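Let's take a friendly walk through this model, one region at a time. Have the sequence and the 3D view open as you read.

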Amino acid sequence: MSENVSEWVDSWQDVQESDIAKVGELLRQGGLSIVDGSILNLFEERFASYMGCKYGVAFSNGTTAIHYALRAVGVGPGDEVLVCNYGFHAMAAAVLALGARVVICDCDAQAMTISPDDIRRLKTAKTKAVLVHNPWGVPADYSNIKDSAAGVPIVSDGSHAHGASYKKTPLGTWADLTAYSLGLTKLISGGELGCVVTDNLQYRDRLLIFGHVNRVPQALLSDEWQHNAVGLKSRPHPVGLMLALCQLARFEKKLKLMQVTAHRLEQYLGQLGLKPQVTSWDSQRVWWRIVSMAVTEQEATVVADILSGAGVPVERNHYCPLLQDQPIFSWPGYHDLLRRSDTPVCDGLMRRLVTIPAPVTLSERLLERIERQIGI
């Protein structure tokens, strides 16, 4: 492995010169902050439509989007929200900020999504929502999740899964509300941006009441208004909206190119003995990261060393420690807002994972050199 591999470079550019020109025009028109209408409404309409829903409400970032989605379904102090132990601490942060308790669930052994069996086992009369994630672009099993939740609202975190589908239908249609991050490096990025999509008009208006007080009551479409605009201003910046809107217009091309590259890289990983994330249900994933599983921790270490030696950026496990062991629960006021659970599947997975980026395009020369250096 003495031959040097050229730098790992993704040639796809999310922000193009034409996007910069549109941002410049927006700023020349004085678009530093938009309360309602204009590009804000245009983005919300187009993003919601692409994600399969009637309504969209944009926010300053993805964590804020999850927070207001949970608040829209009524989560508050004393309530419980079911969350997968294999997940990002921002999901817990959104629950905790509402004064609710995080109830930890295990994950599916192959897809790493929340376990429907654990939802059924752990829900109680206090369960106000199930917060479902779609890790690394793999859709959760929404039909079984809905059956297990039995009427409890489903809030989906789609931050890794822009463009993914379940049973040939866009991901956004399967939850009561789906929150997306469009932050830095996300599949569609406004730098800092979030958006919640839903088909429920009441939930849509609650998102405005709690998070867009300057749009209330003029922009409301239901009878939800009772002079109760009690939320904070969490609206997005117009520059982020413009950048994301430009990327949305060419997003299908990006996904097709990414799929080809990801499949090829997953073949390399497979020949090194790793297994990819898979689902036993009908879904079409996207790739925000390529995460694969080794049989043992030792094998994962060996493969990670081989990939690193070939110039491939490697991260063992992005979610380590697991959620219930994250330091956020030691913060003042959060000590008692965690209901721990045994999660043997998550525990068994965490040391056997190998994570690499999911580039849109890599040069053929680089791919061939990686093949040679890892012995394929």
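## Two helices crossing

Helix α2 passes helix α8 in a left-handed crossing, meaning that the near helix is turned anticlockwise from the far one by less than a right angle. Helices here are DSSP runs of H or I with at least four residues, strands are runs of E with at least two, and both are numbered from the N terminus. α2 covers residues 38-50 and α8 covers residues 238-249; they pack at an angle of about 40°, with axes 10 Å apart. Those axes are lines fitted to C-alpha atoms over the stretch in contact, and angles run from 0 to 180 degrees between N-to-C directions.

On the α2 side, the contact is made by I39, L40, L42, F43, R46, F47 and Y50, and on the α8 side by P238, L241, M242, A244, L245 and L248. Contact means heavy atoms within 4.5 Å. By class, 12 of these residues are nonpolar, none is polar and 1 is charged.

## About the model

This is a predicted model, where local features need pLDDT of at least 70, side-chain atom pairs count only at pLDDT 80 or more, and totals for chains, interfaces and linings use all residues. Residues are numbered from 1 along each chain as its sequence is written, and side-chain values use heavy atoms, with hydrogens and water left out.

## The nonpolar cores

The largest nonpolar core has 91 residues, and F43, F47, Y86, V130, Y142, L182 and L307 have the most contacts inside it. Such a core is a set of buried Ala, Val, Leu, Ile, Met, Phe, Trp, Tyr and Cys residues joined through side-chain atoms within 4.5 Å. A second, separate core of 41 residues includes A65, L98, I104 and L207.

L82 stands opposite V103 in β3.

## A loop glycine

G191 is found in the loop between β8 (177-181) and β9 (194-198). G191 is partly exposed, at 27% relative accessible area. Leaving aside neighbours within four places in sequence, G191 is in contact with L182, G183 and L184.

Technical notes: Buried means under 20% relative accessible area, exposed over 50%, partly exposed in between (1.4 Å probe, protein chains only). Ala, Val, Leu, Ile, Met, Phe, Trp, Tyr, Cys and Pro count as nonpolar, Asp, Glu, Lys and Arg as charged, and the others, Gly among them, as polar. Two strands pair if DSSP finds at least two bridges between them.
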